[in-house]
Amino acid sequence: MASKPNATAGEASAALGGARIELDGVTKRFLDPAGHAFTAIKDVTFGVEPGRFCAVVGPTGCGKSTTLSLVSGLEKPSDGTITVDGRPVHGLTDGVSFMFQADALLPWKTVLGNVALGPVLNGRGRRQAEATARDWLRRVGLSGFEDHHPHQLSGGMRKRVAMAAALINEPRILLMDEPFGALDVQTKAIMQTELITLWEQLRPTVVFITHDLDEAVALADQVVVMTSGPGSVKTSYDVDLPRPRGAVQDLRFDRQFLDVQQQIWSSLRDEVEAAYARTAAASA
Ligand SMILES: Nc1ncnc2c1ncn2[C@@H]1O[C@H](COP(=O)(O)OP(=O)(O)OP(=O)(O)O)[C@@H](O)[C@H]1O
């Protein structure tokens, strides 16, 4: 593993601040291959205040990723409205960065080229973009790896590159779909701590999809629990653990953390069991 990121709060560049996200009665229907309408999410309503970290949990197939792509503007709702800072989302939402489970890195570009790509596409000169990219690589602990290509890095290092590439544009909204889902347990915990340290400096509004309730509670200010499909919002919990949260590994033994985790699990468990029973019945 590369060294830990060495940025401090004072090094954060002028953050633009996060945007307010509102979903109001959002339903999304898809057509299945036979041409029948299939409801993926139904009447989803929740909001995320500017600069808050919102995790969305729910059983497999309940529509978490669909919800995220609606916020991004990549998909349009069938019913209901999504607004960002009070303006309805039409087309790709401004000021959004993404991080997915698969690293969206270009294999033919160097680490520096991957991180500098966002500013270059935003019209910054190459020199300036590369200088900013070098700074971000330092902040994620990857100084010295600028000329490597993605295949020459470990999984955790690739995540750091993806994180630098997502944050270099100082997004107002960061949409994350199980970004650490494929990592081993130790690397995942390290990446969670690094993410939360960088987020605490920049404070974009985050919507973070995960299957891992511990991860949701450790990182988020708010955890939205979705019902089994078609997904709607079952409950939204505030997580009042103090910030800065510090190392995620240590947090998991905290009494308050365990209390919140248990409370949310008691709500989530019914939905996970319902989804499992439905899948088992369908395949019987
Ligand atoms: N483009 C699409 N066309 C048709 N059906 C879709 C499409 N996208 C998603 N679905 C369906 O909508 C439902 C919700 O999918 P989605 O990926 O949003 O769930 P999820 O909660 O993110 O799942 P998982 O936890 O397994 O990643 C699923 O039944 C899926 O097959």
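A residue here counts as buried if 20 or more other C-beta atoms lie within 10 Å of its own, with C-beta atoms placed from the backbone. Keep that cut-off in mind. And remember that this is a predicted model.

Start with helix H4, residues 155–167. By that cut-off, ten of its 13 residues are buried, so H4 is mostly covered. Among the buried ones are Met157, Lys159, Arg160 and Val161. The run from Ala162 through Met163, Ala164, Ala165 and Ala166 to Leu167 is buried too. What do they pack against? Strand S6 (96–100), helix H2 (111–121), helix H3 (126–139), strand S7 (173–177) and H5. End to end, first C-alpha to last, H4 reaches 18 Å, close to the 18 Å expected.

Now the core. The largest nonpolar core has 75 residues. Which members touch the most others? Cys54, Val115, Ala164, Val207, Phe208, Ala220 and Val223. H4 supplies the largest share of this core, eight residues. As background, nonpolar side chains tend to be buried together in soluble globular proteins.

Take Val223 from that list. Setting aside neighbours within four places in sequence, Val223 is in contact with Ala55, Val57, Ala216, Val217, Tyr237, Val239 and Ile264.

Ile264 takes us to helix H8, where it is one of the buried residues. H8 covers residues 255–282 and reaches 40 Å, close to the 40 Å expected at 1.5 Å a residue. There is a kink, though: about 35°, centred on Ser266.

Next, H5, residues 185–202. It has 18 residues and spans 26 Å between its first and last C-alpha, close to the expected 26 Å. Its buried residues include Lys188, Gln192, Glu194 and Trp199. The buried residues of H5 pack against S3, H4, strand S8 (205–209), H6 and helix H7 (248–251). Just after H5, Arg203 takes a positive phi of about 55°.

Last, the ligand. Who surrounds it? Phe30, Phe38 and Ala40, then Gly58, then Thr60, Gly61, Cys62, Gly63, Lys64, Ser65 and Thr66, plus Gly229. The shell divides into four nonpolar residues, seven polar and one charged. Strand S2 (37–48) and helix H1 (64–72) each supply at least two residues. Which element gives the most? H1, with three.

To recap: H4 is mostly covered, H8 has a kink centred on Ser266, and H1 gives the most to the ligand shell.

Methods:
Residues numbered from 1 in each chain as written. Predicted model: local features only at pLDDT ≥ 70, side-chain atom pairs only at ≥ 80, totals over all residues. Near = placed C-beta within 6 Å. Helix = DSSP H or I, 4+ residues; strand = E, 2+ residues; numbered from the N terminus. Nonpolar A, V, L, I, M, F, W, Y, C, P; charged D, E, K, R; others polar. Expected span 1.5 Å × (residues − 1). Bend = angle between axes of the 7 residues up to and from the residue. Buried ≥ 20, exposed ≤ 12 C-beta atoms within 10 Å, placed from the backbone. Core = buried A, V, L, I, M, F, W, Y, C linked by C-beta atoms within 7 Å. Contact = placed C-beta atoms within 7 Å.
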